[in-house]
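Student: Could you take me closely through the aromatic rings of this model, how they are paired, and what lies around them? I would like the geometric criteria stated as you go.

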Amino acid sequence: MLGYLAAAAVCLSAVLVLRTDPWSFPEVPGLSYIFPEQCRVKEGRLLSPGELSRYHGGHGSPGLYLAVLGQVFDVQKGIKHYGPGGSYSFFAAKDASRAYVTGDFTDAGLVDDVSELSPTQMLHLNNWLSFYQKNYVAVGKLIGHFYDEDGNPTKALEDALAVIDVGLKLKEQRHEENKQFPPCNSEFSSGTSKVWCSKNSGGIKRDWVGVPRKLYLAGYDGYRCVCVRTTGPPSENPDSKEHNDRGDLDNPSLKEYKDCNPLFDWCWLKE
């Protein structure tokens, strides 16, 4: 019964708003969830930080908004998560882009400054942005760090997008590296660990198994365990007819695991 009354109240609110001020349609809490197309502002609203701070979803609030990289979303349909008392209520009514990847949910961490984030972290933030774009209604832009008073991107946004682009290129590069050197399978138990190779290790399907090796790459700290092809020409020169039939074993970026048989497809790590 209460559900029907609530629905009737929302519909009545919609009728009253449309009769008085149709541009206020998105202001009624929950309407942008029920009528996403009607509530979407085609040209995009420009909100100041002060205006956005009103959209916390609590008593007297006109709705429930949050912002990521300056893009404002109506998250009313996720009020149990983003509303007062929700697990992610600290994201509401502000742009806390940095916290999405740092996990720092203090006042000092719930900020929009992403200038010190790495390309990998910015890719993670971009995934969050895509999530909101797919699942929630975009209502406008936040004036300040990422957009100016006319809604134009600031240098901070251009810099952020440039770092995301670097991250995308690194991701593609890593994908190509993984095809040549698929990650090992790994298992940890009782203070020891085992790495091994298979025809599907690292999620890379292939017709060879390979042997475990340490892969060191410029620009990366440490190494990672990869599976290395042991027969045929090297990947750098696949058409060569003059080779030692050792696959990629002679690649200078690879090192053998200590105390492991270099020809076995598995290794118990003692280091």
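Tutor: What follows goes through the ring pairs and then turns to the strands beside some of them.

The model is predicted, so local features need pLDDT of at least 70 and side-chain atom pairs count only at pLDDT 80 or more, while totals for chains, interfaces and linings use all residues. Residues are numbered from 1 along each chain as its sequence is written, and side-chain values use heavy atoms, with hydrogens and water left out.

There are 21 aromatic pairs in the structure, a pair being rings of Phe, Tyr or Trp (its six-membered ring) with centres within 6.5 Å, called stacked when the planes are under 30 degrees apart, edge-to-face when over 60, and tilted otherwise. One of these pairs is formed by Tyr-100 and Tyr-132, whose ring centres are 6.0 Å apart and whose planes stand at 80°, so this pair is edge-to-face. Because Tyr-100 belongs to helix 6 (residues 99-102) and Tyr-132 to helix 7, the contact ties together parts that are 32 residues apart in sequence; helices here are DSSP runs of H or I with at least four residues, strands are runs of E with at least two, and both are numbered from the N terminus. Tyr-100 counts as buried, at 7% relative accessibility, and Tyr-132 is also buried, with a relative accessible area of 0% (buried is under 20%, exposed over 50%, partly exposed in between, with a 1.4 Å probe and protein chains only).

The ring pair of Tyr-216 and Tyr-223 has its centres 5.3 Å apart and its planes at 50°, so it is tilted. Tyr-216 is partly exposed, at 30% relative accessibility, and Tyr-223 is likewise partly exposed, at 38%.

Tyr-100 and Tyr-132 also belong to a cluster joined by ring pairs. Besides these two tyrosines, the cluster takes in Phe-73, Tyr-82, Tyr-88, Phe-90, Phe-91, Phe-105, Trp-128, Phe-131 and Tyr-136.

Strand 7 and strand 9 pair in the antiparallel sense over two bridges, and at least two DSSP bridges are what pairing requires. The two strands belong to an open sheet of three strands, with antiparallel pairing and the order 8-7-9. In that sheet, strand 8 (224-228) and strand 9 (254-255) stand at the edges, and since each has a single partner strand, one side of each is left without a neighbour in the sheet.
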